[in-house]
Amino acid sequence: MSKKIIELNNVTKRYNDVTAVDNINLYIRENEFITLLGPSGCGKTTTLRMIGGFEEPDEGDILFDGVRINDVPPYKRNINTVFQRYALFTHLNVYENIAFGLRIKKVPKDEMDRRIKRMLKLVELEGFETRHVDSLSGGQQQRVAIARALVNEPKVLLLDEPLGALDLKLRKEMQIELMNMQKNVGITFIYVTHDQEEALTMSDTVVVMNKGIIQQVGTPVDIYNEPENRFVADFIGESNIIEGIMHEDYLVEFSGRKFKCLDKGFQQNEPVDVVIRPEDIDITEPDKGLIQGVVTSVVFKGVHYEMMVEGGGFEYMIQSTDMQPVGVNVGLTFEPEDIHVMKRGS
Amino acid sequence: MKNRAKFLAYPYLVWMAIFIVIPLFLVLFYSLTKGNIHDPSSLSFSLESYARVFEVNYLKVIWKSFKLAFISTLFCFVLGYPVALIISTVKAKYKSILLMFFLVPIWMNFLLRTYAWMSILSPNGFINRLLSFLGLPTLSIMPGQTAVVLGMIYNFLPFMVLPIYTVLSKIDRSVIEAAMDLGANKIRTFFNVIFPLTVPGIISGITMVFMPAVSTFVISRLLGGNKELLIGNLIEQQFTVQRDWHFGSALSIILMIMILISMAVMSKFESDNDNGGAPTW
Ligand SMILES: Nc1ncnc2c1ncn2[C@@H]1O[C@H](COP(=O)(O)OP(=O)(O)OP(=O)(O)O)[C@@H](O)[C@H]1O
Ligand SMILES: [Mg+2]
C-alpha cells in the first residue's frame, strides 16, 4: 500500500455555534481517489477547505507528508483546487487561465507552452487557447478549471462538487473523464459530492459524513454492502431497515422469525438494525417465502419494478423485473448473505 | 408586448428631443453663426467663434481646466481605490457605516459643501486660525489652484469610490481563493486578479470624476477667486456677463468634443485590457 499523504487528526472546525466538522480522523493515501460523501451541510466543503488552507482547524492537526500544515497559507501548499463554481479568471483567456500558476512559479516559456498544450489535449480543449472564458459552455469552463489546477502537477487535487452544475449526460461523461485523468496523471484526488451514485462510481475510497462526523470509511463495495449504521444504509442506495434482535452469532430475529445470517460479534439478544437491499429480495409463491405479504404498490422504474409488500410487520421495498399486481399475496425470500446486521444507532 | 414596450419609451423620447437634442442643435447653431441672437435676420454663418477659442489666453484656460481636472481625478483615484478596497473587505456590519461616511456628504447641497471648504481654507479660515493659534506660519492656498483641486477632490471623491467599490464587492471570493490556490500571495493576487477585474469600475470612476471636474465653474469661482478661471467659468461668463452666445456655444462644443475624445481613449484602454491577453507580470 502506498504511503499516507494527508492525515487529519482529531480535526474540529466551528463557525460561531455551529460545529461544521466534529473531531474527524482520516488519512488519505498517495494516488487514491477518495470521496467525501454526505448530505448538504455535513461539513464536506469545510473539510476540503481546511486541507486546501482556506480555513484553519480550531482543534487537531492536518499533516501533509507527515508535516503539520495547519497554518501554512494556500499558496505555499502543494495542493490545487477545482472550485465548485469554477472561479475562472474572467479577465484572462483560456490559455492565460491555465498559465496562471505556471507564471507565478516562473516556469520557462517553452516548458509552459508544452505543459499547457498537454493539458488542453487532456481536457479536449485544443484550439480554445484564445477563447474568452465567458464564451465557454459550463462543461468547457469546468474543464478549464480542471486544467488550470492539474497543470501545476500538484500532489493532491481537491474537487468540490465539480460536476454539480452540469446536466446528467455531461456529468456522466465528465465522471469517466475525471477517472481516466486521475489514473493517467497519478495525482491524489479528494473529491466532494452529495451524489451517492457518483461517489460509488468514481472512488477508491468513500468517506460518508453526517453532521460533521465521519460515519464510515471504506471501498464503494464495502459501503454499499456492509453499511455500518442506519444513516449509511439509508443514505447509500435504497434499503429496507428493519429493527431486530441478535440472538447469538449468525442468528438474527426480525419480522417475527429467526434468520441465519453472516454477522457476529454482538451481545446476546442485542437490539439491532437489519438492512436488506430491495434488489436482494426475490418474490415467490406465498408458501415458499420466508416472509408472507401483500403487494401494496407497484411502480415501473424502467429497468425494474419497485414494489412495496406489507408483511411481517414491515413494509418491504422490492426491486424486481418480476412484477406482481397490487393486492396479490406473495412470499419474500433472501439469502443469509443478503442480511446485514448493524448496531442500533441513537 | 414588444410594441407596447416601445410605446412606453415615447414620453422619454419626447423628453430627450425637447431637452437634449434640440438644445444641442441650438448650441451647435449658435456656435456656427454670428450676429444678434435676438434678430434672426442678422445671423450669418461664421467660424469666427471657433477661431477665437484658439487664441492663446483661451487655450491657456482650457489647458488649465484639463490639468486641474486631471490632477483631481488622479488624486481621487489614488485616495479612492484604497478606500473602496477597505470598505469591500471590512465586516458587513461596519461596511454600511463606512459607506454612509462617504455618502452623507453627497446628500448635502453641493454649494453648501463648497462654501464649507471656503470657510476652512480662506485666509482667516479654520486652518489658518488653527495654525496661528499654534504659533505656526499661515498658509495662503485660497484663492488658488490648490484650493480648487482640494474642492474638486472633496466633491468628487465619492464618485470614484462608489463604482470601484461596486465592482470590488461583486468579485467572487472564490476567484481570489483560486489565485491563492495557484500560488499567488496577497500582493500578486491583488495585482494579477483583483486590480484587473476592477478596471471597469476604475474607468467609470474616472469618467464620473473627470467630466464634472473639467466643466465645473462653481468650485473654481468660490475657491479660486477671480484668479483661477476655468473653461466652465468662461462659458458661464459668455452667457451671463458677456452676452456672447456664439462664443459660449463654440466653447461648449469644443469642451464636449474634448471630453468625448478623452472618453474614447479611456474605453479603448478598457477594451485593450479586456482582450484576455497576457497580464503584466
Ligand atoms: N463561513 C461560514 N460561516 C458560518 N457557518 C459556516 C460557514 N461555512 C460553513 N458553515 C456551516 O458549517 C456547516 C458545514 O458546511 P459545509 O459547507 O462544510 O457543508 P457541505 O457538506 O459542503 O454542504 P453542501 O453539500 O451544501 O455544500 C453548515 O452548517 C454551514 O452552515
Ligand atoms: Mg459544500
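Visitor: How many residues of chain A are in contact with chain B, and how many of chain B with chain A?

Guide: Contact means heavy atoms within 4.5 Å. Here 27 residues of chain A are in contact with 24 residues of chain B. This is a predicted model, in which local features need pLDDT of at least 70, side-chain atom pairs count only at pLDDT 80 or more, and totals for chains, interfaces and linings use all residues. Residues are numbered from 1 along each chain as its sequence is written, chains are lettered from A and ligands numbered from 1 in the order in which they are written, and side-chain values use heavy atoms, without hydrogens and water.

Visitor: What area do chain A and chain B bury between them?

Guide: Buried area is the accessible area (1.4 Å probe) that two parts lose on being put together, summed over both. For chain A and chain B it is about 2300 Å², with 62% on carbon and sulfur atoms. In chain A, the residues that lose the most area to chain B are A:Tyr75, A:His91 and A:Ile104, together 30% of what that side buries.

Visitor: How many salt bridges are counted between chain A and chain B?

Guide: A salt bridge is a side-chain nitrogen of Lys or Arg within 4 Å of a carboxyl oxygen of Asp or Glu. The count between chain A and chain B is 2. A:Arg49 and B:Glu177 form a salt bridge through their side chains, at 2.8 Å from N to O.

Visitor: Which residue has a polar side-chain atom 2.5 Å from an oxygen atom of ligand 1?

Guide: That residue is A:Thr46.

Notes
A polar contact is a pair of N or O atoms within 3.5 Å; within protein, one must be able to donate a hydrogen and the other to accept it, and residues adjacent in sequence count only if both atoms are side-chain atoms.
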